Amino acid sequence: MTIIETVPKQLFIAGKWVDASGGATMPVHDPATGEVLCEVADATPADGAAALDAAVAAQADWAATAPRARSEILRTAYELITARADDLAALMTAEMGKPLAEARGEVAYGAEFFRWFSEEAVRIEGGLSTTPDGRNRVLVSRQPVGPSLLITPWNFPLAMGTRKIGPAIAAGCTMVFKPAEQTPLTSLALAGILQEAGLPDGVLNLVVTSDAAGVVEPVLRSGRIRKLSFTGSTEVGRILLAQAADNVVRTSMELGGNAPFLVFEDADLDAAVAGLMVAKMRNMGEACTAANRVYVHRSIASEFGTRLAEKMSALTVGPGTESGVDVGPLIDADGLAKVERLVADAVGKGAKVLTGGAAPEGPGFFYPPTVLSDVDPASELTGTEIFGPVAAIFPFDDEDQVLAMANDTPWGLVGYVFTRDLDRALRVSDKLEVGMVGLNTGLVSNPAAPFGGIKQSGLGREGGRVGIEEFLEIKYVAVPKS
Ligand code: ADP
């Protein structure tokens with residue numbers, strides 16, 4: 001049997017695998033062919049309500065569980081994911097398209113959130129101090145925020161889930177988890193693993209649905225959800241923030257990005273090209289951390305473009321299941337159409353195509369690695385997440401000018417800086433309006449680091465020491481000194 005045949009296809013509510021009420025199913029597609037892989041249960045608002053009931057019912061007992069017990073469940077799940085890395089990677093490649101080697105990388109990265117938060121679960125600390133007048137003790141403790149709604153996108157089907165589920169379990173929160181409709185299989189497999197690892201019934205309730213808005217809104221407006229953790233587009237994030245506002249629900253929002261990638265004239269050019277290959281091509285460019293605008297000092301822009309185009313054109317495009325493939329298909333027809341539109345617009349405004357630039361004929365949503373040079377800042381892609389394998393190079397003349405261009409966006413997730421001048425590196429890192437900076441590196445994501453953005457890229461941080469705080473409330477007890 002293939003992994004797709006063995007993965008559960010139902011909803012997971014109150015510790016049971018159940019059909020959607022009414023029995024509806026929805027298809028999951030292979031982006032390499034456009035064909036249907038299988039059908040999975042398609043939840044209705046009634047299923048969302050059942051998932052919420054289960055999460056609310058399980059909260060008190062779960063909050064009272066020993067931290068070590070929660071830690072051990074996460075640790076066991078980490079071991080299970082690691083042991084089944086090949087199967088999970090195959091599942092991810094099938095439903096999302098990324099090459100198998102990248103999918104294996106995501107399995108390792110995703111599993112690490114469980115290991116990290118298994119270690120954090122037993123380190124939830126409080127404090128004890130005395131007021132300045134000496135009359136009162138200040139007793140501070142941390143409690144789980146309560147039933148949490150977790151919503152994830154399709155681009156990292158495993159890691160986006162574990163990055164939220166890990167800290168929620170560690171903190172003692174129960175959950176309603178709604179993964180993206182394009183990639184439910186990895187999440188279904190993950191729920192099975194958590195069940196096997198001994199997660200008590202009702203702690204994680206998984207609803208897969210083609211009606212995200214219809215299922216999510218009543219849950220979020222119910223007054224019984226205490227926390228929303230969302231990763232997805234700024235557009236949808238704004239809608240959810242408005243819904244959360246009615247009941248003053250705490251939120252963590254990981255939204256869109258528009259990452260600037262700055263290469264100064266004193267940069268190590270080989271390192272900068274290698275860094276951009278990672279920052280641009282990880283996940284076929286379908287990452288909120290993807291370098292969206294590449295600013296290269298005018299004196300080296302042409303050399304940089306030539307070297308980058310050489311590397312990009314050497315990549316092999318094809319189905320992620322085939323060995324030797326570096327670049328898989330984009331997620332769907334809409335994703336492909338958007339990349340085509342953005343490239344056509346930039347070329348129409350004078351950009352030169354150094355490599356790529358046209359989708360191949362045939363099935364699947366493939367787009368070749370593409371380098372555009374001399375891009376006009378007035379191009380649409382300057383203000384739009386490309387979410388595809390297209391590097392757009394803009395020449396610049398000095399530091400102040402490039403900082404102004406880099407910060408001229410409502411987003412502020414991540415920026416990349418390549419320079420060998422330490423003063424400049426730190427100065428530019430300070431001035432970039434972003435939550436994260438990659439200094440002479442194209443990769444910032446790490447479970448041990450606080451991931452998140454400023455401006456319209458989001459609220460809060462995931463991972464690191466602060467990741468668990470998003471699922472904890474502070475309780476202060478005033479105790480008079482006798
Ligand atoms: P992307 O553009 O990456 O698909 P989206 O923001 O559309 O990002 O989707 C991210 C997640 O948000 C997915 O799980 C999707 O189903 C969900 N989603 C989309 N629209 C809504 C909505 N109106 N209410 C709740 N969730 C939504």
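In the predicted model, Asn-440 sits in the loop that runs between β19 (436–439) and β20 (454–455). The phi of Asn-440 is near 55°, a positive value in a residue other than glycine. Asn-440 is partly exposed, with 15 other C-beta atoms within 10 Å. Another residue other than glycine with a positive phi is Met-284, for which the value is near 60°. Met-284 also belongs to a loop, in this case the one between α10 (269–281) and β13 (291–297). In contrast to the partly exposed Asn-440, Met-284 is buried, and 32 other C-beta atoms lie within 10 Å.

The UniProt record, an unreviewed entry, annotates residues 17–477 as "domain: Aldehyde dehydrogenase". In the model, 39% of this span is helix and 21% is strand.

Glu-254 is part of strand β11, which comprises residues 250–254. With 27 other C-beta atoms within 10 Å, where 20 or more are required, Glu-254 counts as buried. When residues up to four places away in sequence are left out, the contacts of Glu-254 are Thr-231, Gly-452, Gly-458 and Glu-462.

The shell around the ligand consists of 15 residues, of which Ala-212, Ala-213, Gly-232, Ser-233 and Val-236 come nearest. By residue class, the shell holds 10 nonpolar, three polar and two charged residues. Two helices, α8 (212–220) and α9 (234–246), each contribute at least two residues to this shell.

The buried residues of α8 include Val-215, Val-216, Val-219 and Leu-220. Viewed down the axis of α8, the buried residues fall within an arc of 115°, and they therefore line one face of the helix. Among the elements that cover the buried residues of α8 are the helices α2 (45–63) and α9, together with the strands β7 (148–151), β8 (175–178) and β10 (227–231).

Helix α7 (residues 184–196) has 13 residues, which at 1.5 Å a residue should span 18 Å; the end C-alpha atoms are 19 Å apart, in agreement with that expectation. Of the 13 residues of α7, 10 are buried, so this helix is largely enclosed by the rest of the structure. The buried residues run from Pro-184 through Leu-185, Thr-186, Ser-187, Leu-188, Ala-189, Leu-190 and Ala-191, and include Ile-193 and Leu-194 as well. Just after α7, Gly-198 adopts a positive phi of about 100°.

Helix α6 (residues 159–171) contains Pro-167. Pro-167 is buried, with 28 other C-beta atoms within 10 Å. Residues up to four places away in sequence aside, Pro-167 touches Phe-117, Gly-467, Ile-468, Glu-470 and Phe-471. Pro-167 and Glu-120 are separated by 47 residues in sequence, while their C-alpha atoms are 8.1 Å apart in space.

Technical notes:
Residues are numbered from 1 along each chain as its sequence is written. This is a predicted model: local features need pLDDT of at least 70, side-chain atom pairs count only at pLDDT 80 or more; totals for chains, interfaces and linings use all residues. A residue is near a molecule or strand if its C-beta atom, placed from the backbone, lies within 6 Å of it. Helices (H or I, at least four residues) and strands (E, at least two) are DSSP runs, numbered from the N terminus. Ala, Val, Leu, Ile, Met, Phe, Trp, Tyr, Cys and Pro count as nonpolar, Asp, Glu, Lys and Arg as charged, and the others, Gly among them, as polar. A residue is buried if 20 or more other C-beta atoms lie within 10 Å of its own, exposed if 12 or fewer, and partly exposed in between; C-beta atoms are placed from the backbone. The arc is that of the directions from the helix axis to the C-beta atoms. Two residues are in contact if their C-beta atoms, placed from the backbone, lie within 7 Å. The expected span of a helix is 1.5 Å times one less than its number of residues. UniProt positions are given in the numbering used here, feature names are shortened, and annotations may be inferred rather than shown by experiment.
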